[in-house]
Amino acid sequence: MKPIQLLVVDDHTLFRRGLIALLLQDGRFEVVAQAADIGQALRCVELGVPDLILLDNHLPGVRGVDGIGALRAAFPGASVLMLTVSENEDDLAAALQAGADGYLLKTVETEQLCESIVKVLAGESVVSPEMMTKFVSVFRSKQTHAGAVVAESSSPALSQVPVVASGSANLDLLSAREREILALIAQGSSNKAIARKLDIAETTVKIHVQHIFRKLQLSSRVQAAVFAAGFGLA
């Protein structure tokens with residue numbers, strides 16, 4: 001199988017080199033280019049189109065979130081995954097609205113980063129658990145009236161979330177435990193944190209999450225969080 005081709009854009013040389021070294025330990029990835037700013041990244045177009053661009057926000061000159069449009073134009077078809085230290089809600093909103101496929105903090109574990117890359121390329125949108133409640137806040141600003149959530153943004157992270165109709169018909173499909181877990185997902189809790197809070201096995205949480213996704217026809221925790229927000233669970 002052909003490795004997933006990555007373009008890494010980060011102005012901190014040591015961090016960028018360390019990140020690349022970690023990614024290359026996973027045989028699924030190949031780093032085809034690296035850059036310290038948006039300008040350098042755009043000049044990498046001669047090397048071909050990567051599958052995914054890992055993009056920092058605090059770059060010299062043009063910020064990462066402000067360069068997403070240019071990167072998407074230069075590398076059509078490439079996914080964009082923000083990897084940044086910024087926990088600012090405005091940066092999150094700007095990234096999603098500009099078309100980023102995900103937003104991760106640099107505190108993310110290597111294994112989680114690698115899995116997030118795979119999920120993004122599978123069509124999912126990913127957001128760090130620490131940013132999930134802020135994501136819900138951003139989405140709530142898109143609500144047109146109480147009890148209805150409508151995705152009106154061009155951002156994949158918002159447009160891929162199904163419309164949640166008024167009422168509780170879909171929510172009635174969930175057991176009391178599943179509703180409890182759905183609310184915790186919306187708060188940004190990981191499976192491990194949910195297991196610890198509810199005093200159950202992490203494998204049990206995973207099974208419940210799978211059931212929630214199947215019953216509600218969701219494909220990611222981001223979608224689950226927005227669904228929960230639509231029914232006031234978040």
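Predicted model: local features only at pLDDT ≥ 70, side-chain atom pairs only at ≥ 80, totals over all residues.
Student: Which residue in strand 3 stands opposite V9?
Tutor: Strand 1 (residues 4-9) is also joined to strand 3, in parallel and by four bridges. In strand 3, the residue that V9 faces is L55.

Student: Are the residues L52, I53, L54 and L55 of strand 3 buried or exposed?
Tutor: In a regular strand the side chains alternate between the two faces of the sheet. Here L52 and L54 point one way, whereas I53 and L55 point the other way, and yet all of them are buried.

Student: Why does S116 count as buried?
Tutor: S116 lies in helix 5 (residues 110-121) and, leaving aside residues up to four places away in sequence, touches L104 and V126. Buried means under 20% relative accessible area, and S116 therefore counts as buried, with a relative accessibility of 6%.

Student: What arc do the buried residues of helix 5 cover around the axis?
Tutor: The buried residues of helix 5 are L113, C114, S116, I117 and V120. They lie on the same side of helix 5, because the arc they cover around the axis is only 160°.

Note on methods:
Residues numbered from 1 in each chain as written. Heavy atoms only, no water. Helix = DSSP H or I, 4+ residues; strand = E, 2+ residues; numbered from the N terminus. Buried < 20%, exposed > 50% of the residue type's maximum accessible area, 1.4 Å probe, protein only. Contact = heavy atoms within 4.5 Å. Arc of directions from axis to C-beta. Pairing = 2+ DSSP bridges.
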